[in-house]
Amino acid sequence: MELKNKTALEIGQMIKNKEVSSVEVTKEMLSNIKSRDEKVNAFVTVFEEEAVKQAEEVQAKIDSGELTSPLAGVPMGIKDNICTKDRLTTCGSKMLYNFKPPYNATVTDKLEEAGAVVLGKLNMDEFAMGGSTETSYFGATGNPWDTERVPGGSSGGSAAAVAAQEVTYALGSDTGGSIRQPCSFCGVSGIKPTYGAVSRYGLVAFASSLDQIGPVGRDIKDCAEVLSVISGHDPKDSTSVKRPVFDFSSCFNTDLKGMKIGIPTNYFGEGLDEDVKKPVLEAAETLKKLGAEIEEFEMNIVDYAIPTYYVLACAEASSNLSRYDGIKYGYRNRDCEDLMEVYLTSRSEGFGMEVKRRIMLGSFVLSSGYYDAYYNKSLKVRGLIKKSFDEAFEKYDMILSPVAPTTAYKIGENSSDPLKMYLGDIYTVSVNLAGIPAVSVPCGFGANGMPVGMQLIGNAFDEPKLVRAAYAFQKETDFHTKKPEMVEVKGGNN
């Protein structure tokens, strides 16, 4: 059984054709996790027995004709801030080390209804706060291309698991680039959907006006299929938009004639490594060869995106995380003598340093005397950033940019410098502030052999356009087919 280079859709077709069973694929993926995850640490929890049982049930439904989804029977993983009923959902934090939700997230239900087999929960920066998957209570995740380097964050476990072939695809969440940056660092594909296109019900909140669940896959076609399953209106989520699920059936052609793509010149200036700049500009030339019209333009307002994002995200985080008090669920210090001591001690011991830093910053900008100076002003700048994108999309079908200013860096290299870490989000946070979609697909490699991703940004609900351009690029290139050498580990079945 040769599954090493197969996409989720290809494996799904093999299952449908009875070339392989869901149980066989699931056992092979579990074997890969056993032989590889000691190095990668992509998983927080593996549902070994449950996954095999689920695969057996799904296979029976496929055989009877009850399940017809292209993803039926295909094993996958879920980021550990997306609720799974009666199964650990820790958010990578000591605070929720023993939390088992009494319900599924809507996206979990939708995937399981389509026949997905859930292998386990994937590692992440604590409460999705970080860009390297180093702040997890369960230890840092390694990049499969070089396990001494970070996989990006906060969905680093999702991207690393796909790159290491421990899962065929995964769900992540994106608050300021948390799907796209790990995809760039790990050489895989991902989509950050339009805000409101995918239900947030059951996603543990970091910053509620920015968070969005999205897919990570081996190529953009896998991601599009997953997005078509998880998208659509959900009455349980007040921010869910009343629209039908995405239909990408007409997106898989390679002719980009008539498509106009803008390149913001200020995205390619100071601070961008040549290792990243060169492959992204070469990708622009490839898109041009496929028929797209490429044009440079200025988009200076996004220079204010980083401070705007961190003020708003931290303000929302300080509010959302106030519920973790040592009383309702999760971690609680048992040696306290009064209620106030329970609050103080449990939160002090339950949260890591990055989470505490953001709670403190958020509480400060919301405090009396500073609300107007910081929080209110950031809301106004957010409106200007959205207006800037609206004006750009009057001229262009999409915007092409880098995903991150560098390739993956060494574990521990930036962890003592929060400002440097925050600046790594410079090309991604404005997308979340504007609530618009973006994709990340591999477009080359740096001199150190680490993957580089390009970002395509679209107008609200223009995901089909982005998928069309990304698919055409991937049909023309082979960067998405490259695999890290570390996956050839003794004990695996590949």
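Student: Which residues does Y371 touch, leaving out those up to four places away in sequence?
Tutor: Y371 touches V365, L366 and N376, where contact means heavy atoms within 4.5 Å. Keep in mind that this is a predicted model, where local features need pLDDT of at least 70, side-chain atom pairs count only at pLDDT 80 or more, and totals for chains, interfaces and linings use all residues. Residues are numbered from 1 along each chain as its sequence is written, and side-chain values use heavy atoms, with hydrogens and water left out.

Student: OK, and where's Y371 placed?
Tutor: In helix α12, residues 371-395. Helices (H or I, at least four residues) and strands (E, at least two) are DSSP runs, numbered from the N terminus.

Student: Why does Y371 count as partly exposed?
Tutor: Because its relative accessibility is 34%. Buried is under 20% relative accessible area, exposed is over 50%, and partly exposed is in between (1.4 Å probe, protein chains only).

Student: How far apart are Y371 and E341?
Tutor: They're 30 residues apart in sequence, and 29 Å apart in space from C-alpha to C-alpha.

Student: What about E337, where's its place?
Tutor: E337 sits in the loop between α9 (305-320) and α10 (339-350). E337 counts as exposed because its relative accessible area is 76%.

Student: Switching topic: which residues of α1 are buried?
Tutor: In α1, which covers residues 8-16, the buried ones are A8, L9, I11, G12, M14 and I15.

Student: And what covers the buried residues of α1?
Tutor: The cover includes helices α2 (22-40), α3 (48-64) and α7 (220-230), plus strand β4 (169-174).
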